[in-house]
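Reader: I'm new to reading protein models. Could you walk me through one with a few questions and answers?

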Amino acid sequence: MLMRDVLKNAFIAAAMTAIIITPIFGLQLVRQGSQTHLNTQWGLVAAGCAIVFVLQLLKPSLAQIFSYARLPRLPAMPRNGQKVLGLLLIALAIAWPFFGTRSQVDIATLVLIYVMLGLGLNIVVGFAGLLDLGFVGFYAVGAYTYALLFHWAGWSFWQALPLSGAAAALFGYLLGFPVLRLRGDYLAIVTLGFGEIIRLLLINLTEYTGGPDGISGIPKPTVFGYEMTRRASEEGAQTFHQMMGWTFSNQHMVIYLYLMALMLALITLYVSNRLIRMPIGRAWEALREDEIACRSLGLNPTNIKLSAFTLGAMFAGFGGAFFAARQGLVNPESFTFIESALILAVVVLGGMGSQIGVILAAIVLTVLPEVAREFAEYRMLLFGLVMVLMMMWRPQGLLPTKRPHVEIQQ
C-alpha cells in the first residue's frame with residue numbers, strides 16, 4: 001500500500017474517532033446545585049485521535065507481525081491421557097469451593113452459568129452455523145418458567161427444572177419456523193427481534209410477570225427435600241444442617257449452588273459432546289459447511305435447523321432456571337441484548353464449534369472484569385478492543401476445533 005493511501009486512511013480514522021468519542025468523553029454535563037455546567041476534555045479526545053492515527057500508520061506492519069504470531073502448540077496427548085486429565089480437572093473443580101473464599105466461589109458459579117449458555121449457543125452457532133443474536137430470550141423463558149411455577153403453583157426447583165428446559169425448547173422450536181429460509185445477517189436480525197420481543201412481553205405482562213419489578217422471593221433448591229436455610233419454612237420441618245447435625249453457615253448454600261452449577265455444566269458438556277458424534281451432529285456440520293450440498297445428500301435442512309434451535313434453547317432454559325434459583329429474583333433487566341452479545345462473544349472468542357474453547361472463553365470473559373474492577377467504566381471499551389485484536393491475531397478463536405481434512409501434496 002502506498003504511503004499516501006496509508007496517511008489518507010489514518011486521517012479518516014482519526015476524524016471518525018473524534019466524531020464518535022467527542023459526545024462520550026469530550027463533553028460532560030456536571031450538575032452543581034441547581035445549575036448544570038458543560039465540562040470539556042479536549043485533551044482526552046486529542047489523545048484518542050492520536051492513538052488511532054498512529055495505529056493506522058502502523059497497521060501494515062502490525063498486520064504482518066500478527067500474521068506470523070502463533071500461539072504455542074501443545075504436544076499431542078493420547079486418548080487415555082486426555083481422560084485422566086479430564087478427571088483431574090473435574091476433581092479440582094469439585095474441591096475448589098472448599099478452599100476458595102465466598103466471593104471466589106460466587107464468581108466460579110457465574111462462570112459455570114456462562115459455560116452452560118455458551119455450550120448451548122455453540123450448538124446453534126458453532127455446529128449448525130446459524131447466527132443467533134436473541135439467545136438470551138430462551139434464557140429468560142427458563143428463568144421465568146421456574147419463577148411463575150413457584151409463584152402461581154408453589155412448585156419447587158426440582159419440579160420446575162425439567163419444565164423450564166421444555167418450555168425454552170418449545171420456544172426454540174417455534175422460533176425455528178420463521179427463520180427456515182433465512183441465513184446470515186437476515187437470520188441474525190430476526191433472532192435479535194425475538195429476544196427483544198420476549199423482554200418486552202415480560203415488561204408489559206405486569207399481571208403475570210410483575211412487569212419491570214419482576215418476581216422476587218424465589219426459593220433456593222433443596223437437598224432431597226431439606227431446605228438449606230437457618231429455619232424451615234414449614235413448622236415442624238427439619239432443615240438440612242439440622243438433619244446432618246451441623247452448625248448453620250451461609251457458606252453451605254454457596255457451595256451447594258456451585259456444585260449444582262458444576263453438575264449442570266458437566267451434563268451439558270457430556271450431552272453436547274455426544275450429540276456431535278451422532279448423525280444429528282454430522283448433519284449440523286454439513287448444514288454449516290454448505291446447505292446446498294447438505295440438501296443434495298438427502299438431508300432435510302428444516303429438521304436440522306429445528307433440532308439445533310430446540311436443543312440449544314433447552315440448555316439455555318436449564319441455565320435460566322438455575323439463575324432464577326440462585327438470584328431469588330428475576331426481572332427483565334437481567335435479559336438484555338448485552339447478555340446475548342456476551343454469550344455470543346464466549347462462543348466466538350473460544351472458537352466456534354470448540355467446547356474446550358467455549359469453557360476457556362467463559363472463564364476469561366467472566367473473571368477478568370471482576371479482577372479489573374477499577375476499569376469498570378471502560379469495560380465494554382476494553383471488551384471491544386480485545387475482540388478486535390482477536391479478529392486480527394487469531395480469528396478462529398483461542399482453541400479452534402480440529403476438523404478432519406486431507407492435504408494434497410503438490
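This is a predicted model: local features need pLDDT of at least 70, side-chain atom pairs count only at pLDDT 80 or more; totals for chains, interfaces and linings use all residues.

Reader: What percentage of the 410 residues is buried?
Author: To count as buried, a residue needs under 20% relative accessible area. Going through the 410 residues of the protein with that cut-off, the buried share comes to 39%.

Reader: Which residues of α10 meet α6?
Author: The crossing of these two helices, α6 and α10, is right-handed. By class, their contact has seven nonpolar residues, with no polar and no charged ones. On the α6 side you'll find Phe157, Trp158 and Leu161, and they meet, in α10, Tyr256, Met260, Met263 and Leu264.

Reader: How are α4 and α14 oriented to each other?
Author: Helix α4 covers residues 102–127 and α14 covers 337–350, and their axes are 9 Å apart. The packing angle is about 75°. The range from 65 to 115 degrees counts as roughly perpendicular. α4 and α14 are therefore roughly perpendicular.

Reader: How many charged residues are in the contact of α4 with α14?
Author: From α4 come Tyr114, Leu117, Gly118, Leu121, Asn122 and Val125, and they meet Glu339, Leu342, Ile343, Leu344, Val346 and Val347 of α14. Sorted by class, this contact of α4 and α14 has nine nonpolar residues and two polar ones, and the number of charged residues is one.

Reader: Is Thr109 buried or exposed?
Author: Thr109 belongs to helix α4. Skipping neighbours within four places in sequence, Thr109 contacts Leu257, Tyr258, Ala261, Phe322 and Arg326. Its relative accessibility is 1%, so Thr109 counts as buried.

Reader: How far is the C-alpha atom of Thr109 from that of Arg326?
Author: Along the chain, Thr109 and Arg326 are 217 residues apart.

Reader: What about Thr22: which residue's backbone oxygen lies 2.4 Å from a polar atom of its side chain?
Author: Thr22 sits in helix α1, residues 3–26, and counts as buried because its relative accessibility is 16%. Not counting residues up to four places away, Thr22 touches Leu27, Trp42 and Val45. The backbone oxygen at 2.4 Å belongs to Ala18.

Reader: Is Ile51 buried or exposed?
Author: Find Ile51 in helix α2, residues 42–68. Its C-alpha is 8.4 Å from that of Ala14, 37 residues away in sequence. With a relative accessibility of 53%, Ile51 counts as exposed.

Reader: Last one: what covers the buried residues of α11?
Author: Helix α11, residues 279–289, has these buried residues: Gly281, Ala283, Trp284, Ala286, Leu287 and Arg288. The cover over them includes α4, α10, α12 and α13.

Methods: Residues are numbered from 1 along each chain as its sequence is written. Side-chain values use heavy atoms; hydrogens and water are left out. Helices (H or I, at least four residues) and strands (E, at least two) are DSSP runs, numbered from the N terminus. Buried means under 20% relative accessible area, exposed over 50%, partly exposed in between (1.4 Å probe, protein chains only). A polar contact is a pair of N or O atoms within 3.5 Å; within protein, one must be able to donate a hydrogen and the other to accept it, and residues adjacent in sequence count only if both atoms are side-chain atoms. Contact means heavy atoms within 4.5 Å. A crossing is left-handed if the near helix is turned anticlockwise from the far one by less than a right angle, and right-handed if clockwise. Ala, Val, Leu, Ile, Met, Phe, Trp, Tyr, Cys and Pro count as nonpolar, Asp, Glu, Lys and Arg as charged, and the others, Gly among them, as polar. Axes are lines fitted to C-alpha atoms, for helices over the stretch in contact, and angles run from 0 to 180 degrees between N-to-C directions. Angles under 35 degrees count as roughly parallel, over 145 as roughly antiparallel, 65 to 115 as roughly perpendicular and the rest as oblique.
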